[in-house]
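Hi,

Here is the structure I promised to send over. Have a look at it first, and my notes follow below.

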Amino acid sequence: MNNFQYQVYMRSFYKRMRPDLTDSEFYKWKETYKLGEMFMNQLSMRNNLEILRAAVSGQTSLSPSRRGAFEETSRKLTAPFVKHYRYTVPRTWKDASTIVAWMQTKLDRIGKYELGYPLAQPTMTPDQVQGKQDALVDRFVREMRKAPKAATEESE
């Protein structure tokens, strides 16, 4: 590999973290990656605000039982994992793929329960919108009536 080829390779490395994907697959992967980063940043910001609220509101909210959840989440959302105020974060292929896989599980759950917004499309009639909302309510009622999962199963 000559110098020019090496420079092209290094420039394209950060633009194309997944050279094994086709263009359309890479576009979907990249959008999911961006969405995952935005979600983690928002989660980190809201967690920090909740910790601040708990600190200001007094001793009752700082009990060890309540504090544990915030501390655990704060450790997961620290600087190496979340972008925060930085413009870019140098990530490896493995790190970026982990974010995409984690976000894909969230998106699958959103799709399963039809929670993607907007629920009503502009081309739908009011009867179609009402039917879709009724179907969603019926699904939630069915899910709530199911027996609880066993204690050994881990919820996501």
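**Salt bridges and core**

Glu 31 and Lys 34 sit 3 residues apart in helix H2, which puts about one helical turn between them. Their side chains meet in a salt bridge at 3.9 Å, N to O (a side-chain nitrogen of Lys or Arg within 4 Å of a carboxyl oxygen of Asp or Glu). Glu 31 is partly exposed at 35% relative accessible area, and Lys 34 is partly exposed at 39% (buried is under 20%, exposed over 50%, partly exposed in between, with a 1.4 Å probe and protein chains only). The whole structure has 2 salt bridges; Glu 143 also pairs with Lys 146, with the closest N and O atoms 3.3 Å apart.

Before you read on: this is a predicted model, where local features need pLDDT of at least 70 and side-chain atom pairs pLDDT 80 or more, while totals for chains, interfaces and linings use all residues. Residues are numbered from 1 along each chain as its sequence is written, and side-chain values use heavy atoms, without hydrogens and water.

The largest nonpolar core has 10 residues, including Trp 29 and Val 100 (buried Ala, Val, Leu, Ile, Met, Phe, Trp, Tyr and Cys joined through side-chain atoms within 4.5 Å). Helices H2 (23–57) and H4 (93–112) each give two or more residues to this core, and H2 has the largest share, 4 residues (helices are DSSP runs of H or I, at least four residues, numbered from the N terminus).

Also in H2 is Thr 32, buried at 10% relative accessibility.

Enjoy!
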